[in-house]
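Here is a structure to read slowly, one question at a time.

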Number of protein chains: 2
Amino acid sequence: MVDRPDPRKLSPRDREVLRQVVATYILSAEPVSSRSVAKQADLGLSAATIRNVMADLEDWGFLAQPHTSAGRVPTRDAYHLFIESLMEVRRVPAWQRRYIEDHLSGAPGDAEQIMGAASHLLSELSHQVGVVVTPSLAETVLKSVELVPLSGRKVLCVLVSSAGFTDTKVIEVPEVVPREELIRIASYLTENFAGVSIREARDRLLRMLAEERAQMDRQLALAIEFAKHALALPGDPGILVDGASELLAHPELADISRARRMFDTFADKTRMVSILSRCLQGGGVRVWIGEDTDLTSELDFSLVATTYGFGERPLGALGILGPSRMEYEKVIPLVDYLGEALSRALAETFAGRTE
Amino acid sequence: MVDRPDPRKLSPRDREVLRQVVATYILSAEPVSSRSVAKQADLGLSAATIRNVMADLEDWGFLAQPHTSAGRVPTRDAYHLFIESLMEVRRVPAWQRRYIEDHLSGAPGDAEQIMGAASHLLSELSHQVGVVVTPSLAETVLKSVELVPLSGRKVLCVLVSSAGFTDTKVIEVPEVVPREELIRIASYLTENFAGVSIREARDRLLRMLAEERAQMDRQLALAIEFAKHALALPGDPGILVDGASELLAHPELADISRARRMFDTFADKTRMVSILSRCLQGGGVRVWIGEDTDLTSELDFSLVATTYGFGERPLGALGILGPSRMEYEKVIPLVDYLGEALSRALAETFAGRTE
DNA sequence: CCTTAGCACTCTCGGGCCGAGACTGCTAAG
DNA sequence: CTTAGCAGTCTCGGCCCGAGAGTGCTAAGG
């Protein structure tokens, strides 16, 4: 194999042939022959000429042959080039935009419901797997703390973030606390910690503990006791995966053992989160292809992802997972649009209409 | 085929042979031959004799032959008989009990986390699909109502049930309500509606609306406005499905199209809920085999399910889904135990230790 | 020098054939 | 009633083969 040249050195004809091969393969899932390219592309060239071009492209590492007498298949590099400069990004069709708005902003409900709808939309509209990483409450801005007496010394602590996400945890306190006092403590905590991220709140709490250790009155001590438990709770971000069954329709998973590895991967939420989280730095849609990720390595899978947020703040990531052979022309704008739509839906639902 | 006799008419020998065939098939997934039964069962009979017995069992509808020169496979009736009176139910092994306790009661967290752990345990310990139906809040006893101002006229309403389940919804009110008043209204609603099921609370609300329409003061009117929205919210029960990938390991799903249908079924949550819900009337473990359910019909799947609850009240259902060829001897006691363990965990976590 | 028609070559895929192996049902003897 | 023996049946894997698809190379033509 020859060293790959600067992609810009490719002649327009080379590029057109490569574009055609990738586009055709994405639709057909079968090796693309020189003849089919010659027929479809209106280059006015014969199959023999196309064959020469394709042989060059293979030398340069953009195409590969499953076996001697088969057509060509795009490599990872071909997909990258295709996405960067060969394909023409399509607009998300009007009906899809409308459909998304209807399901995201239309039905209110709570934040969790909206996130679920988003992952379902991703999967439904792309026929791939939709993934949404829900925010770690530790990173979000605290809005309110509520304490609900359950029974005995158990108290349910409810944290509400400004984006409307909630997390709950049962706390067991050393003594029974009457309901009125719980309300007072909750108010106190809300006043003191609302508006800052839970991470900061935790720091502030530690400072309070150090400074005022001596002159704490009983109620303050109790409040701090609650705060200690409450702020410790917000765990890792969660993940929603939707449409795993869509994958079984793809011919690349005809072989069961691959399908099984795929599903096992999805089930491993921590790994999924760590991969998707890379997306959080750097805006815009990002694409990982094939071996770019541990996740998709041997499986020839791709991940198209972006972030969503609440106001300025990025909250989490969302994306589509499927075989590398994926309709990037449609999927990339879809992910882009859905990231914005989700951000908008959260803003509208939880921060008053932007009239 | 001859009319099936009363199963009690089966001779002890017939029963032993049938038991052996079912047990062997469950482990091997392959048609069972007369020879293998003769060797394993210590009846001191030759394969030829077993063949005669098996031919009878086939006539009576308990066994079937995939093709002329293959061994026998159990029918649905055979499974039923096996479960009712042939198998010897095993105790859940000590290590599993311990493992379950550790993961269910050990780690506190909130109700949702416990439910997730339960479905995961079901799947992990059975190598089948674990399913848990989470309670519909409409059926549970209300513990508390909290109102959190979000911004503008948006208010987040948090409902807490006595078993520690929460549901949230964003409400848009006609005018901005100050925080103190929200707290007062929340207290009012909590006092008036705590301790009754949400269904009853809804009825009570309607009565209040009818009676006091004329002499309502402003605050009461506002409270009722909130209650109307808040109590309308608790939706359908949710469902947690875990371990779908376990299924792909079973030889009965070697064929992709069946696997796909299976996954589609799991994704259809409303249908799953309606099937599992049948379990809610009538205690104890129940088993549906093959065509017993729309769900499992053509797929030759079985469902082993039971209920869990909080105190006296049944809250939801939980179970295991897998091929009819399932280790009922282990799975049935496992489901039974997990139903109790989950009830216990909810009680311990949310109602003070039963010391 | 680039393009193209023609041709030989290679590799896959599906069908048909065959023999080994696995069970059964039947029959006749113990 | 049980059982050994045997013939009969069906599946499964391996093998071969021909059709089809595509390529690379070569030589002729613009």
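**Core, chains and DNA**

Q: Which residues have the most contacts inside the largest nonpolar core?
A: This is a predicted model, and the largest nonpolar core found in it has 203 residues. In soluble globular proteins, nonpolar side chains tend to be buried together. The residues with the most contacts inside this core are Ala118(A), Leu318(A), Ala118(B) and Leu318(B).

Q: Which residues does Leu318(B) touch, not counting residues up to four places away in sequence?
A: Leu318(B) is one of the residues with the most contacts inside the largest nonpolar core. Leaving out residues up to four places away in sequence, Leu318(B) touches Ala118(B), Leu122(B), Val131(B), Val132(B), Val133(B), Ala305(B), Thr306(B), Tyr308(B), Leu338(B), Gly339(B) and Leu342(B).

Q: Is Ile100(B) buried or exposed?
A: Ile100(B) sits in helix H5, residues 94–106 of chain B, and apart from neighbours within four places in sequence it is in contact with Leu121(B), Tyr337(B), Leu338(B) and Ala341(B). Along the sequence Ile100(B) is 244 residues from Arg344(B), yet their C-alpha atoms are 12 Å apart in space. A residue needs 20 or more other C-beta atoms within 10 Å to be classed as buried. Since Ile100(B) has 24 such atoms within 10 Å, it is buried.

Q: Is chain A a compact globule or more spread out?
A: Chain A has 13 helices and ten strands. Its radius of gyration is 26 Å, whereas the globule rule gives 20 Å for 355 residues, and the value for chain A is well over that. Along the principal axes, the C-alpha trace of chain A spans about 90 × 40 × 35 Å. Because its radius of gyration is well over the value from the rule, chain A is more spread out than a compact globule.

Q: What percentage of the contacts in chain A between residues at least 6 apart in sequence join residues at least 24 apart?
A: Buried residues make up 42% of the 355 residues in chain A. Turning to contacts in chain A between residues at least 6 apart in sequence, the share that joins residues at least 24 apart is 63%.

Q: How many residues of the side of chain B that touches chain A are nonpolar?
A: The contact takes 35 residues from chain B and 35 residues from chain A. On the side of chain B, the elements that give two or more residues are strands E4 (142–151), E5 (154–161) and E6 (166–172), together with helices H10 (244–247), H11 (256–267) and H13 (328–350). The residues on this side of chain B include ten polar and eight charged ones, and the number that are nonpolar is 17.

Q: What kind of axis relates chain B to chain A?
A: Chain B can be laid on chain A by a turn of 180 degrees with a shift of 0.0 Å along the axis, and the RMSD is 0.1 Å. That is the relation of a two-fold axis.

Q: Which residues of chain B does Leu156(A) touch?
A: Leu156(A) lies in strand E5 of chain A, residues 154–161, and it is buried, with 23 other C-beta atoms within 10 Å. Its C-alpha atom is separated by 5.8 Å from that of Lys169(A), which is 13 residues away along the chain. Not counting residues up to four places away in sequence, Leu156(A) touches Val148(A), Leu150(A), Thr168(A) and Val170(A) in chain A, and in chain B it touches Val160(B) and Gly164(B).

Q: Which element supplies the largest share of the surface near DNA strand C?
A: Of the 18 residues around DNA strand C, those that come nearest are Thr68(A), Ser69(A), Ser33(B), Ser34(B) and Ser69(B). The residues of this surface divide into five nonpolar, ten polar and three charged. The largest share, four residues, comes from H3(B).

Q: Which residues are closest to DNA strand D?
A: The surface near DNA strand D receives at least two residues from each of helix H2 (34–40) and helix H3 (47–59) of chain A and helix H3 (47–59) of chain B. Its residues divide into five nonpolar, ten polar and three charged. Among the 18 residues that surround DNA strand D, the closest are Ser33(A), Ser34(A), Thr49(B), Thr68(B) and Ser69(B).

Key:
Residues are numbered from 1 along each chain as its sequence is written. Chains are lettered from A and ligands numbered from 1 in the order in which they are written. This is a predicted model: local features need pLDDT of at least 70, side-chain atom pairs count only at pLDDT 80 or more; totals for chains, interfaces and linings use all residues. A residue is near a molecule or strand if its C-beta atom, placed from the backbone, lies within 6 Å of it. Ala, Val, Leu, Ile, Met, Phe, Trp, Tyr, Cys and Pro count as nonpolar, Asp, Glu, Lys and Arg as charged, and the others, Gly among them, as polar. A nonpolar core is a set of buried Ala, Val, Leu, Ile, Met, Phe, Trp, Tyr and Cys residues joined through C-beta atoms within 7 Å. A residue is buried if 20 or more other C-beta atoms lie within 10 Å of its own, exposed if 12 or fewer, and partly exposed in between; C-beta atoms are placed from the backbone. Two residues are in contact if their C-beta atoms, placed from the backbone, lie within 7 Å. Copies are superposed by least squares on the C-alpha atoms of residues with pLDDT of at least 70 in both. The radius of gyration is taken over C-alpha atoms; the globule rule is 2.2 Å times the number of residues to the power 0.38.
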